[in-house]
Amino acid sequence: MRKLSRILLFGLILGIVFIFSSNLMAFDLAGASKPYKGQTLTLSLMAGYKVNEVIPQIGKEFTKITGIELKYESIPYSETLEKHMIALSTGSRTYDLLNIDNLWFPQYVSYLRPLDDYMKNPKLADPNFDVKDFVPEVLQGYQWEGKTYSFPEGYFFPVLIYRKDLFEKHGLTGPPKTYQEFYEYAKKLTEKEGGTTVVYGATEQGQRTGIFDELCTPYWGKGGQLFDKKLKPIFDNQDMLNVLTIYQKIYTEGLAPAGSTDFELGEAAAFFAQGKAAMMWNWSMMGADLEDPSKSKVAGKLGYTMFPKDNPKAVHYVREASTGLCIPKTATNKEAAFLFVQWLNSKGTLLKVEAEYKTGHPSRYSVMRDPKVAKLFPYFPLLEKAAKDNAVRLVPKIVEWSQVDDISAVYFQKCMIGKMSPKDAIKEAVKGVERMLDDKGYYFEGKEYSDLLTGRYN
Amino acid sequence: MDAVTEERYLPWGLLAPALIIILLIGVFPLFYNLFLSMHFWNLTRPELGMRFIWFKNYTSLFTSSLFWEAFLRTFVFTIVAVGLEMCLGFGLALLFNRDFKGKSIVFPIILIPMITTPIVVGLIWRYMFNGEFGFVSWILQVVGTDVHAVLSNPATALPAVIFVDVWHWTPFVFLLSLARLGALPRSPYEAAEIDGASTWQIFKWVTFPMMKSVLLVALLLRTMDAFKIFDEIFIMTQGGPGDATEVLSLEIYRQTFRYFNMGKGSALAIVMLIVIIIISRIYLKIFQKEEAVVQQ
């Protein structure tokens, strides 16, 4: 009896200590935000991302807790960089938070305020925030010279989305394993009725802002590199030639819709959602809408897998993308902005975003592993597998990446429609990229650059 | 202040506010643009600052094949589009200068494209030409042509944007011509009829000479505007496929707001301005010559 009461007493003390310590550890957002009550944060959000449609709704909760008001401005993706850069370079104090694609992050970094000081400030930092819960490479997208500038709200990469029902109909047992096989599958899956194509084997994203990304996936799958250590473009090789030749064949042989030259992620997904194509290279997050029967005729009929790779020895690298909110140096309400970023990217808020609003691109392990959320999205295991295999990579982290992309796209687009041979297109693209990087002074000293800058994957 | 001083300075005093505004919004940006065109300045590399590089931006432009291709394409676009607009606009004006049934209904319909903003025009035609869902593509499929996705084919993309510009701006030439036609004096026509001139002769020797001045104004305005075409092409093709519809203004946009090379973008803008000035000077010379002939 005595022993039992001792155990009970010990348990009680332990319980009190636990409750007390956890109370100490719990972050009081209302208390932390008191000095900033009444401030208004102006957010610039990129249109077209589901999470950005959710932020204005979920942000009301933040305002309720903190008394910090939120004002939003939505900008089309294609105009974001231009509008932000003009505001930043002219020292405008309009925005407290800018929504940035990690692809562009290096171009912004000189104008941004790192979050490290805030994260060390006990008055502002949430001790339970758990930075390690983010997929490390995704977080890396917003880090520069050892400093963190944002926490990503999303994590997505290109995958192969395919129609399981059509595969079955044509006797195909599983997804293609190589890019050549992808082409052969596209041929088999293309259905014609009276000379008109009713189902295309594949979609392609030939728009100037999409084509290079799409080509890079199979190229990396062959173990290809874009740059050498001195940042000289080296994709004028047999691997890229094979990829571009197949890409061109898919279009010119009518296995992809004629309008593909005007497709980017949204257009391709809309086409696919109507049941007009059998396979699609697209960003994983598109699966969220494709699985929604109110928006898609193919919901429940889809399979998701890593895009085929030709070299079995090459790691199945994926080009990761994400968006994050960053604080400009010129922001008026920096501390309040940090509190919002921290709150939005906390485990609890991100879990709520996925569970209630189904955005489909979790950046935290804890969210993608949550059983309630995981069952909503059949492609989540792919996200986790890529992260676990250490296969998530960023595009080369150079300020001029958008130009590299754009210069190459002009020639690859000409090649896609058959107006230039793959060989010439690659040659011209490499020449153009090298000239541009030379103009920017990258080759003056002949120095070698880090893997992060050159995007060397193997 | 004595009367002589007042007479000397009063006009300047009265003109000063207008002159200051013109200097601020017209002359200063022009010189600043010229200043920028001789500098390296990239907004994404603020740490490098602004560096004076003399004419390097210009030499870089003139040695780029993409620049010359865009330059030539802009000329082709301008000549074909403006040429068609002038012929169609003037032709329509001649048709509407006489009465016919339903004129009051057709007249406002013809003017609709002109009052539509270029961005909306671009969007309308982008969807009309869409290779999968577009009305034009559907018609082309029904007719049985090889090309359905007009904007996706380099051979048809430039003609398509020319067509849209013609659709958009023919009403402008039409309206200008119609206004002038309505105000032409009757006496030369009566004299020509008395002399027994045919319809063609009346058009050639009476109508056209009297219309020349207004047609030249329309030609000047349309040429300057077409040379600067941006909105429709940006919305419809973004310069693609490949660089099939990449014109000078799109290249300026790309250098300035995509690559943030402010110096190079400014150099391009200056080149474009010089070309437009040369064209307008040529037109004005012809216009003055015509005026002199009319006055004689």
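How many salt bridges are counted between chain B and chain A? In this predicted model, the count is six salt bridges. One of them joins Arg208(A) to Glu246(B), with the closest N and O atoms 3.1 Å apart. Polar contacts across the interface of chain B and chain A come to ten residue pairs, both residues being at pLDDT 80 or more. On the side of chain B that touches chain A, helix α11 (residues 248–258) gives the most, with four residues. By class, that side of chain B has eleven nonpolar, eight polar and eight charged residues.

The contact draws 27 residues from chain B and 36 residues from chain A. About 2,800 Å² is buried between the two chains, 51% of it on carbon and sulfur atoms. Within chain B, the most area is lost to chain A by Thr44(B), Glu132(B) and Tyr259(B), which together make up 20% of what that side buries.

Chain A itself is divided into domain 1 (28–156 + 321–377) and domain 2 (158–319). Their C-alpha centres lie 31 Å apart. Domain 1 of chain A brings twelve residues to the contact, and domain 2 of chain A brings seven residues.

The two interfaces are set out below.

| Interface | Buried area | Share on carbon and sulfur atoms |
|---|---|---|
| Chain B and chain A | about 2,800 Å² | 51% |
| Domain 1 and domain 2 of chain A | about 740 Å² | 64% |

In domain 1 of chain A, Lys50(A), Phe156(A) and Ala321(A) lose the most area to domain 2 of chain A, together 53% of what that side buries. Between the domains the count is one salt bridge; Lys50(A) and Asp289(A) meet in a salt bridge at 3.3 Å, N to O.

Notes:
Residues numbered from 1 in each chain as written. Chains lettered and ligands numbered in written order. Predicted model: local features only at pLDDT ≥ 70, side-chain atom pairs only at ≥ 80, totals over all residues. Heavy atoms only, no water. Contact = heavy atoms within 4.5 Å. Buried area = accessible area lost by both parts, 1.4 Å probe. Salt bridge = Lys/Arg side-chain N within 4 Å of Asp/Glu carboxyl O. Polar contact = N/O pair within 3.5 Å; in protein donor to acceptor, adjacent residues only side chain to side chain. Helix = DSSP H or I, 4+ residues; strand = E, 2+ residues; numbered from the N terminus. Nonpolar A, V, L, I, M, F, W, Y, C, P; charged D, E, K, R; others polar. Domains from an automatic or database assignment.
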